[in-house]
Each structure stands twice: as C-alpha cells, then as structure tokens.
Amino acid sequence: MKRILLLEDDAALGQGVRYALENDGVQVELCTALSQARGILPGKDFDLLILDVNLPDGSGLDLLRDVRRCHPSVPVVLLTANDLETDIVVGLESGADDYITKPFSLAVLRARANAQLRRGAPARAAAVELEGFSFDFEWMEFRKNGQLIELSKTEQRLLRVLVENRGRVLPRGALLERVWPDGAEYVEENALSVAVKRLRDKLEDAPSKPRFLKTVYGIGYTWAVN
C-alpha cells in the first residue's frame with residue numbers, strides 16, 4: 001500500500017484530489033493546515049508528499065525544507081497558484097521533485113503523482129531461475145520451460161519458502177507456520193501434504209518420483225539442489 005500525505009487548505013479541492021488519487025493500492029491522508037502536517041509526519045512513513053505552498057499558518061516550502069533534512073529521498077510535489085518562473089525555481093531549489101500550478105487537471109495531477117510513486121518504488125526483484133523454471137514471486141508469474149503455471153495462493157507461499165531455502169530441509173511445523181501465518185494451529189493435519197502433492201503435480205515431470213520437491217521422511221520437505 002502506497003501512502004500519500006496531501007497538504008491543502010482548500011477542503012473541497014483537497015477532497016477532490018484525494019478521491020482522484022485513492023485506489024486499492026494508494027491511501028491519501030489529507031491535512032488542511034501546516035501544523036497538522038507537522039504533527040503527522042514524524043510518526044508515519046509516506047511514499048509521496050503533495051504540499052500546497054500558500055497556507056493560512058505558513059508555507060509548504062518551510063515544511064519541504066524540513067522534510068529534506070530528515071527524508072532526502074521521499075518525492076515531493078508542490079501545489080500553488082504562483083506560476084512565476086522565480087516561484088517555480090525557488091520550489092525546485094528547495095527540494096521539490098515537481099511543481100503544479102493552480103488551476104490544474106486532476107487527471108494530470110494523478111499521472112504526475114503516479115510517476116513520482118513509480119520513481120520512488122524499490123527496484124523489482126528478479127525472478128528466480130532454476131533448471132527450466134522461472135518463479136517471479138513479486139508479479140506472481142510462474143513458468144516451466146516457458147509455459148505459464150497457475151498456482152493457488154497457498155501453493156505460491158509454499159513454493160516461495162522452499163525455493164528461498166533450497167538445499168535446506170524445512171520441518172513440517174516451520175512450513176505450516178510460514179504457509180499459514182494467520183492460524184497454522186487451525187489448519188487440518190493433512191493440509192501441508194495436500195499442498196505439496198498439488199505443487200508436485202504442477203511442477204514435476206514425474207510427481208511420484210520428484211526431482212525437486214522432495215520429502216525427508218520424519219522431518220519435512222526440501223527443494224533439492226541438483
């Protein structure tokens with residue numbers, strides 16, 4: 001979940017921007033005063049700050065300068081009615097990453113905010129490549145010899161734990177806790193065995209004689225390093 005701090009003293013405009021930006025992957029926290037934003041920032045992490053410059057109790061530029069001393073990498077977009085070149089230069093030199101003058105299109109603001117969120121996102125982890133397999137756990141894309149394989153959420157979690165610990169024997173209890181973190185004690189006794197079988201059926205050439213997902217009798221399972 002991405003978090004945006006929006007500082008805008010015009011409540012109606014602030015709500016409009018909030019509705020334009022919020023979705024299943026983005027949460028917007030709206031502040032209408034500089035003092036309110038200063039009270040929130042120290043206790044929370046944000047992926048983007050959108051700051052109005054002219055506020056009843058101060059300037060968003062002052063907050064920007066404070067932020068840059070503590071959080072030099074968080075993206076910041078300034079909103080202002082000042083469209084003079086000198087105002088834009090001051091904003092950018094104070095550490096802003098973008099500058100949008102009022103009035104503005106909500107669609108344009110959303111596009112520029114999304115661009116800043118992408119820029120500030122961590123690099124995508126590379127897919128794990130193993131002897132004909134490609135496992136991309138971030139994008140939930142799994143392939144065997146180039147062919148897509150559909151895995152359930154449980155199968156994905158099980159595969160990830162095994163692959164990230166390949167070559168190690170993982171006890172059944174440890175796997176239960178990792179694959180069902182919200183209530184392993186309530187999972188049926190044979191649930192892990194069923195998940196292993198289903199995963200083998202999808203990944204192994206000969207599921208009854210697995211080459212990769214092997215059972216270590218009396219202990220648990222391992223993703224074998226061949």
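Helices (H or I, at least four residues) and strands (E, at least two) are DSSP runs, numbered from the N terminus. With that settled, here are my notes on the chain.

1. **Ground rules.** This is a predicted model, in which local features need pLDDT of at least 70 and side-chain atom pairs count only at pLDDT 80 or more, while totals for chains, interfaces and linings use all residues. Residues are numbered from 1 along each chain as its sequence is written, and side-chain values use heavy atoms, with hydrogens and water left out.

2. P103 sits in the loop between β7 (98–101) and α5 (106–120). The peptide bond that joins K102 and P103 is cis, with omega at about -5°.

3. **Overall shape.** The protein chain has 8 helices and 14 strands. Its radius of gyration is 25 Å, well over the 17 Å that the globule rule gives for 226 residues, so the chain is more spread out than a compact globule. (The radius is taken over C-alpha atoms, and the globule rule is 2.2 Å times the number of residues to the power 0.38.) Along the principal axes, the C-alpha atoms fill a box of roughly 70 × 35 × 30 Å.

4. **Burial and surface.** Of the 226 residues in the protein chain, 41% are buried. Here buried means under 20% relative accessible area, exposed means over 50%, and partly exposed is in between (1.4 Å probe, protein chains only). The chain exposes about 12800 Å², and carbon and sulfur atoms supply 51% of that area. Accessible areas come from the Shrake-Rupley method with a 1.4 Å probe; for residues, only the protein chains shown count as cover.

5. **Contacts along the sequence.** Contact means heavy atoms within 4.5 Å. Among contacts between residues at least 6 apart in sequence, 53% join residues at least 24 apart.

6. **Charges.** The protein chain carries 30 positive and 34 negative side chains, and the centres of the two sets lie 8 Å apart. Lys and Arg count as positive and Asp and Glu as negative, with His and the chain ends not counted. Each charge is placed at NZ of Lys, CZ of Arg, CG of Asp or CD of Glu.

7. **Salt bridges.** A salt bridge is a side-chain nitrogen of Lys or Arg within 4 Å of a carboxyl oxygen of Asp or Glu. The count by this rule is 15. One network of salt bridges links R3, E29 and K44.

8. **A bridge within a helix.** D62 and R65 are both in helix α3 (residues 60–70), 3 residues apart, which is about one turn of the helix. Their side chains form a salt bridge at 3.2 Å, N to O. D62 counts as partly exposed because its relative accessibility is 37%, and R65 is partly exposed at 33%.

9. E131 makes a salt bridge with R211, with the closest N and O atoms 2.6 Å apart. This pair links distant parts of the chain: E131 is in the loop between β8 (128–130) and β9 (133–136), and R211 is in the loop between α8 (191–203) and β13 (213–216), 80 residues apart. Both partners are partly exposed, E131 at 46% relative accessibility and R211 at 44%. E131 also has a positive phi of about 40°, although it is not a glycine. For context, most residues other than glycine have a negative phi.

10. M140 lies in the loop between β9 and β10 (141–144) and is partly exposed, with 44% relative accessibility. R143 and E141 meet through their side chains in a salt bridge of 3.4 Å, N to O. R143 has a relative accessible area of 26%, so it is partly exposed; E141 is partly exposed too, at 35%.

11. T80 belongs to strand β6 (residues 76–80) and is buried, with a relative accessible area of 0%. Neighbours within four places in sequence aside, T80 is in contact with D52, V53, N54, Y99, I100, T101 and K102. D87, in helix α4 (residues 85–93), is partly exposed at 24%. Not counting residues up to four places away in sequence, D87 touches N82 and Y99. D87 and Y99 are 12 residues apart in sequence, with 9.7 Å from C-alpha to C-alpha.
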